[in-house]
Amino acid sequence: QVQLVESGGGSVQAGGSLRLSCVVSGSEFSIGFHGWYRQAPGKQRELVASMSAVVGAISYADFVKGRFTIGRDNAENTVYLQMNGLEPEDTGVYYCYVHVTTQASADTYWGQGTQVTVSS
């Protein structure tokens, strides 16, 4: 059974950095496309960054370009979001999603969410 555990949120001052991670565990699986959404208080969930499975094509929302970096560590079965130059507007709950393929199925899994709070 595939499990996804998200971590790395916290509270920082403007200009600070955080690294969010999602660790995938299970038996005989492969990681496909993945990405990160966020939801600020009173706002709809919005896509922050995404990475395709095969060629690694990356897409960023305009509001994080040049500040955030999405990536994956195949050896550690981990996908991450490195966030630099954080701004108060980046405050919210961040969710990872990962498409995982096993011998029996192919599904998209979601992390439980992690709170990011940026103070001015």
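## Contacts and basis

Contact means heavy atoms within 4.5 Å of each other. By that rule, among contacts in the chain between residues at least 6 apart in sequence, 55% join residues at least 24 apart.

This is a predicted model, in which local features need pLDDT of at least 70, side-chain atom pairs count only at pLDDT 80 or more, and totals for chains, interfaces and linings use all residues. Residues are numbered from 1 along each chain as its sequence is written, and side-chain values use heavy atoms, with hydrogens and water left out.

## Fold and overall shape

The chain has 11 strands and zero helices. Both element types are DSSP runs numbered from the N terminus: helices are H or I with at least four residues, strands are E with at least two. In sequence order the pattern reads β-β-β-β-β-β-β-β-β-β-β. The radius of gyration is 14 Å, close to the 14 Å that the globule rule gives for 120 residues, so the chain is as compact as a globular protein of that length. That radius is taken over C-alpha atoms, and the globule rule is 2.2 Å times the number of residues to the power 0.38. Along its principal axes, the C-alpha trace spans about 50 × 25 × 25 Å.

## Surface and charge

Of the 120 residues, 42% are buried. Buried means under 20% relative accessible area, exposed means over 50%, and partly exposed lies in between (1.4 Å probe, protein chains only). The chain exposes about 6300 Å², and carbon and sulfur atoms supply 48% of that area. Accessible areas come from the Shrake-Rupley method with a 1.4 Å probe; for residues, only the protein chains shown count as cover.

The chain carries 7 positive and 10 negative charges, and their mean positions are 5 Å apart. Lys and Arg count as positive, Asp and Glu as negative; His and the chain ends are not counted. Each charge is placed at NZ of Lys, CZ of Arg, CG of Asp or CD of Glu.

## A buried histidine

H34 sits in strand 4 (residues 29–39). Its relative accessibility is 0%, so H34 counts as buried. Beyond its neighbours within four places in sequence, H34 contacts S50, M51, I70, G71, R72, V79, Y97 and V98.

## The aromatic cluster

The whole structure holds four aromatic pairs. Rings of Phe, Tyr and Trp (its six-membered ring) pair if their centres lie within 6.5 Å; planes under 30 degrees apart count as stacked, over 60 as edge-to-face and the rest as tilted. The ring centres of Y37 and W110 are 5.6 Å apart and their planes are at 45 degrees, so this pair is tilted. It links distant parts of the chain: Y37 in strand 4 and W110 in strand 10 (residues 106–110) are 73 residues apart. Y37 is partly exposed at 24% relative accessibility, and W110 is partly exposed at 41%.

W110 also pairs with Y97: the ring centres are 5.3 Å apart and the planes are at 40 degrees, so this pair is tilted. Y97 lies in strand 9 (residues 92–102), 13 residues from W110. Y97 is buried, at 10% relative accessibility. F33, Y37, Y97 and W110 form one aromatic cluster.

## Positive phi in two loops

E28 is not a glycine, yet its phi is positive, about 50 degrees. E28 lies in the loop between strand 3 (18–25) and strand 4. At 60% relative accessibility, E28 is exposed.

N77 is another residue other than glycine with a positive phi, near 50 degrees. The loop between strand 7 (68–73) and strand 8 (78–83) holds N77. N77 is partly exposed, with a relative accessible area of 28%.
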